[in-house]
Amino acid sequence: MGYGPAPVEQVSEWSESLFKLQFFRSTLLPALIVLLFALALVAVSARIWLPGDMLAPAPIG
């Protein structure tokens, strides 16, 4: 095992995987976070359109 510089193919592979990780962290991850927030906002605000008798907590017993 040598400790010299990595072969060109290996460096190219590393830079490609690094680019994919940067794309995920800078584009996909923020988009997923915004979509999750929007879904939570829709789920919470859906109570506005429910009929009045469904807004109350469920009766016990």
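Which residues form a nonpolar patch on the surface? The legends below take that up, view by view, for this predicted model.

**View 1. A nonpolar patch lies on the surface.** The patch is formed by L18, F19, L21, F23, F24, L28, L29, L32, I33 and L35. Together, these residues have about 960 Å² of accessible area.

**View 2. L21 sits in helix 1.** This helix covers residues 8-45. L21 has a relative accessibility of 45%, so it counts as partly exposed. L21 is also one of the residues of the nonpolar patch.

**View 3. F24 touches L29 and P30.** These contacts leave out residues up to four places away in sequence. F24 belongs to helix 1, and it counts as partly exposed because its relative accessibility is 36%. Both F24 and its contact L29 are listed in the nonpolar patch.

View 4. The chain has two helices and zero strands. Of its 61 residues, 0% are buried. Its accessible surface comes to about 6000 Å², and carbon and sulfur atoms account for 74% of that surface.

Technical notes. Residues numbered from 1 in each chain as written. Predicted model: local features only at pLDDT ≥ 70, side-chain atom pairs only at ≥ 80, totals over all residues. Heavy atoms only, no water. Patch = residues over 30% accessible without salt bridge, like charges linked within 9 Å, V, L, I, M, F, W, Y side chains within 5 Å. Areas by Shrake-Rupley, 256 points an atom, 1.4 Å probe, with all protein chains shown as cover. Salt bridge = Lys/Arg side-chain N within 4 Å of Asp/Glu carboxyl O. Helix = DSSP H or I, 4+ residues; strand = E, 2+ residues; numbered from the N terminus. Buried < 20%, exposed > 50% of the residue type's maximum accessible area, 1.4 Å probe, protein only. Contact = heavy atoms within 4.5 Å.
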